[in-house]
Amino acid sequence: MQTEEALMTRLSDERLAELFDGTLQLVVEHGFDRLTMDQIADATHSSKATLYRQWGSKTALVADALLRSVEAHEMAIDTGHLRSDLHLMLTQDKPDKVQDGALVGALLHAVKHDADLGQVLREKVIAVGRRRIDDVIALAVGRGEVAPDSPGIEYVAFLVISQVVLQPVVDGAPWDDADKLRFVDAVLLPMLGIG
């Protein structure tokens, strides 16, 4: 039996990007719940059999589409100071899909009714963001900027991810760099014991 990675290598990066972008656009248009593999196959000019063979389910396909978008924008952050690390993390280019309020809204609605989707998104997509944030905090602890036993450490990833994901849904517009720096200064740093 072939692994998922072996099957995915049959598709070019360009073709995968088209397939993933098309899939996420369909989630926005139809909602995750109402979207079918038939619709994805038709809109992306793919074979439904191929989609099932490579992903096994709509949930896995959507999660991989989001993951590819997030991983494509991943970059190491180490400016030497926690404040600027956090600000850079929030201001660097984010995948359009992460900042798409309609997509986030559709997925948040679906997660309430689909435990499998929630689990896959947490394990595949949110875990990437959590790891990046944890790495930045670990660097700050290593530099002595944050106490290793600071009670706020466990909440940083949750607050950053919540802000990034929910802000376009709540406000309906992107927040600017000044707002992001205020979030770092007013919320994240004080929570870590930095005044």
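S150 is buried in this predicted model, with a relative accessible area of 11%. The residue belongs to the loop between α8 and α9, the latter helix covering residues 153-171. Once neighbours within four places in sequence are set aside, S150 is in contact with M191 and L192.

A second residue from the end of the chain can be described in like manner. I194 is placed in the segment after α10, a helix that covers residues 177-191. Not counting residues up to four places away in sequence, I194 touches L82, E145, V146 and L189. The C-alpha atoms of I194 and A147 lie 9.7 Å apart in space, while the two residues are 47 residues apart in sequence.

**Overall architecture**

The secondary structure of the protein consists of 10 helices and zero strands, and read along the sequence the pattern is therefore α-α-α-α-α-α-α-α-α-α. Of the 195 residues in the protein, 40% are buried. When contacts between residues at least 6 apart in sequence are considered, 69% of them join residues at least 24 apart.

**Packing of α6 against α8**

On the side of α6 the contact is made by L82, D85, L86 and M89, and on the side of α8 by R132, I133, V136, I137, A140 and R143. Sorted by class, the contact of α6 with α8 holds seven nonpolar and three charged residues, with no polar residue.

One of the residues of this contact, R132, deserves a separate description. R132 lies in helix α8, and its relative accessible area of 16% makes it a buried residue. R132 and A76 are 56 residues apart in sequence, whereas their C-alpha atoms are 8.0 Å apart in space.

**Aromatic pairs and a charge over a ring**

The count of aromatic pairs comes to two. A pair of aromatic rings is described by the distance of the centres and the angle of the planes, and these values are set out below.

| Pair | Distance of ring centres | Angle of ring planes | Arrangement |
|---|---|---|---|
| F20 and W55 | 5.8 Å | 70 degrees | edge-to-face |
| W175 and F183 | 5.7 Å | 70 degrees | edge-to-face |

The planes of F20 and W55 stand at 70 degrees, and this pair is classed as edge-to-face because the angle is over 60 degrees. F20 lies in helix α2, which covers residues 13-30, and W55 lies in helix α4, which covers residues 48-55, so the pair ties together parts that are 35 residues apart in sequence. Both F20 and W55 are buried.

For W175 and F183, the planes likewise stand at 70 degrees, so this pair is edge-to-face as well. W175 is buried, with a relative accessible area of 14%, and F183 is buried, with a relative accessible area of 10%.

A ring is also involved in an arrangement with a lysine: K58 lies over the face of F32, at 4.3 Å from the ring centre.

Is L51 buried or exposed? L51, placed in helix α4, has a relative accessible area of 1% and is therefore buried. Leaving aside neighbours within four places in sequence, L51 is in contact with L19, M37, I40, A41, S46, G56 and L61. The C-alpha atoms of L51 and D38 are separated by 9.6 Å, the two residues being 13 residues apart along the chain.

The loop between α3, residues 37-43, and α4 holds H45. Most residues other than glycine have a negative phi. H45, although not a glycine, has a positive phi of about 55 degrees. The relative accessibility of H45 is 72%, so this residue counts as exposed, in contrast to L51, which is buried.

How values were computed: Residues numbered from 1 in each chain as written. Predicted model: local features only at pLDDT ≥ 70, side-chain atom pairs only at ≥ 80, totals over all residues. Heavy atoms only, no water. Phe/Tyr/Trp six-rings, centres within 6.5 Å; stacked < 30°, edge-to-face > 60°. Helix = DSSP H or I, 4+ residues; strand = E, 2+ residues; numbered from the N terminus. Buried < 20%, exposed > 50% of the residue type's maximum accessible area, 1.4 Å probe, protein only. Lys NZ or Arg CZ within 6 Å of the ring centre and 35° of its normal. Contact = heavy atoms within 4.5 Å. Nonpolar A, V, L, I, M, F, W, Y, C, P; charged D, E, K, R; others polar.
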